[in-house]
Amino acid sequence: MTTSTHRYDAAVARYFDAWNAGDAQARARAVAAAWTEDGRYTDPLADAVGHEAITAVIAAAHDRFPGFSFRLAGTVDGHHDTARFSWELVNTADGSAPVAGSDVITLGSGDRVRAVYGFLDRLPEGA
């Protein structure tokens with residue numbers, strides 16, 4: 001693994017740590033570790049800027065899908081300060097993954113996420 005590849009993998013690992021943090025305090029710490037202060041998260045259902053707003057989006061996902069966790073689906077591909085990867089939202093009880101998507105991230109200072117552009121590839125009806 002090259003240093004360049006490692007930086008994308010590490011950034012995405014911090015990103016998943018934030019999405020999978022189990023309580024509000026851990027989530028806030030994980031978001032601060034993963035995103036720049038002015039970081040942005042955008043997908044078809046949300047547009048959030050800053051740690052507080054991003055933390056709220058993640059909390060809403062936990063509320064909507066209790067007992068689920070996010071996992072990487074495949075490998076991280078990156079160049080310059082941009083990376084892309086796919087993910088699944090997995091039911092920890094039965095292993096099903098009713099939600100899946102692909103994200104493109106840009107990195108800022110300290111290799112923290114500056115922006116996320118999320119795409120939903122699979123979403124249950126009514127979600």
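1. The model is a predicted one, in which local features need pLDDT of at least 70 and side-chain atom pairs count only at pLDDT 80 or more, while totals for chains, interfaces and linings use all residues. Residues are numbered from 1 along each chain as its sequence is written, and side-chain values use heavy atoms, with hydrogens and water left out.

2. Helix 3, which covers residues 51-64, has 14 residues and reaches 20 Å from its first C-alpha to its last, where helices are DSSP runs of H or I with at least four residues, and strands are runs of E with at least two, numbered from the N terminus. This reach is close to the 20 Å expected at 1.5 Å a residue, the expected span being 1.5 Å times one less than the number of residues.

3. Which residues of helix 3 are buried? They are I54, T55, I58 and H62, buried meaning under 20% relative accessible area, exposed over 50%, and partly exposed in between, with a 1.4 Å probe and protein chains only. Seen down the helix axis, the buried residues of helix 3 fall within an arc of 100°, so they line one face of the helix; the arc is that of the directions from the axis to the C-beta atoms. On the other side of helix 3, E52 and D63 are exposed.

4. T55, which lies in helix 3, counts as buried because its relative accessibility is 14%. Leaving aside neighbours within four places in sequence, T55 is in contact (heavy atoms within 4.5 Å) with R27, A28 and V31.

5. Helix 3 also gives the most to the lining of the largest pocket, with four residues.
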